[in-house]
Amino acid sequence: MVDLIVFNVIQVLVVMAFAPLVKGVLSRLKENVQSKRGPSIFQPYRDIWKLFHKDEVVSEQSSWIFRFTPYIVFVTPIFVALLIPVLTGYPLFFAFMGDMLGGGFILALGGFFATLAAIDAGNPYGAMGASRTRMVGFLAEPVFMIVFFTVSFIAGSTIPYIVHKHWVTPLANFFEPAHVLLMIAFLMLILAEAGRIPVDNPSGHFELAMVDESRGLEYSGRGAALMKWGGSMKFFVLCCIFLNVVVTPWGLAAGRGIGEVLLSIPLVLVKILALVVVLVVIESSLAKLRLFRITEFLGAAFATSIAAMITRLLML
């Protein structure tokens, strides 16, 4: 039992340590595709370090929501990392504390408080971005529910480790039409939830066009560092769910030796790098959608997830 707890801790440390690196690689590759030099892949670490050493400015008019939100945004991906297969293919100590639906609600909790904090600060741009974020959230949440229900229906369980086993044995399960449609719907969902193109432009600096980034405009110092770090970890956790549970549940540690678990770290990072390259291609090929066309994008994701469920029902 002690080894399972240790591995759970290692999973959390991996998420905390490598999440900013994934964001840095994504930004660098995107700039390189556009024939620019781009920032260093370690720039997110420097930004977080710099923000932690700056003074924090908090409005006297803001409430406890504004002060506590950075900690909630930072902690929620860590809780989800305890429930999902990040490094091991077998359940760890906290694996059965929650299922995929519970993990989705925990991630949504951080976004909910970030939206409240954006309004609480009194900045008009924050409230405008919060309303846009909620619009995207209200459209994305039904897709989340249908995707998770479809995954659970196909695998016969809502526990990520059991779903992960379903795709591994037999291999033919991976190529089922329902599974392919599910992967497409989940990828579209990641683009929406992570604030990536075509739903949002994370590198944009124009307040009137911001969606996800506008919620953190009023934070400075430690609060801004926690918001950035928490956002990076949320993206890393979504990538792990997509890759280790739905798409490529290979490369995870099968044994209980510490060597196998540590060896799985570079394998998981290679898989995430492959996903990052796919995201760079998508973001370099598409333009940011106008606000009211985001509904069409998420409507397509919803229709795809429904098609996956119907396809599975027809195969029974």
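Which residues do ring pairs link into a cluster? I looked, and ring pairs link Phe-52, Phe-74 and Trp-229. I pair rings of Phe, Tyr and Trp (its six-membered ring) if their centres lie within 6.5 Å; planes under 30 degrees apart are stacked, over 60 edge-to-face, and the rest tilted.

**Ground rules.** I am reading a predicted model, where local features need pLDDT of at least 70, side-chain atom pairs need pLDDT 80 or more, and totals for chains, interfaces and linings use all residues. Residues are numbered from 1 along each chain as its sequence is written, and side-chain values use heavy atoms, without hydrogens and water.

**Aromatic pairs.** I searched the whole structure and got 7 aromatic pairs. Phe-112 and Phe-113 make an edge-to-face one, 5.8 Å centre to centre with 85° between the planes. I then checked burial (buried is under 20% relative accessible area, exposed over 50%, partly exposed in between; 1.4 Å probe, protein chains only). Phe-112 is partly exposed because its relative accessibility is 40%. Phe-113, at 15%, is buried.

I turned to Phe-186 and Phe-242 next: this pair is tilted, at 5.7 Å centre to centre and 35° between the planes. Phe-186 sits in helix α7 (residues 177-193) and Phe-242 in helix α8, so the pair ties together parts 56 residues apart in sequence. Both Phe-186 and Phe-242 are buried. I take helices (H or I, at least four residues) as DSSP runs, numbered from the N terminus.

**Core.** I define a nonpolar core as buried Ala, Val, Leu, Ile, Met, Phe, Trp, Tyr and Cys residues joined through side-chain atoms within 4.5 Å. The largest one has 94 residues; among those with the most contacts inside it are Phe-186, Phe-236 and Phe-242. Helix α8 (residues 221-247) gives the largest share, 18 residues. I listed the contacts of Phe-236 (heavy atoms within 4.5 Å). Beyond four places in sequence, they include Val-14, Phe-18, Leu-269 and Ile-272.

**Arg-256.** I found Arg-256 in the loop between α8 and α9 (258-285). Leaving out residues up to four places away in sequence, Arg-256 touches Asp-3, Leu-4, Phe-7 and Tyr-90. From Arg-256 to Phe-18 I noted 238 residues in sequence and 23 Å in space, C-alpha to C-alpha.

**Helix α4.** How far apart are the end C-alpha atoms of helix α4? They are 31 Å apart, which agrees with the 30 Å that its 21 residues (100-120) should span at 1.5 Å a residue. The expected span is 1.5 Å times one less than the number of residues. The buried residues of α4 include Met-100, Leu-107, Phe-113 and Ala-118. Just after α4, I noted a positive phi of about 85° at Gly-122.

Note on methods:
Helix = DSSP H or I, 4+ residues; strand = E, 2+ residues; numbered from the N terminus.
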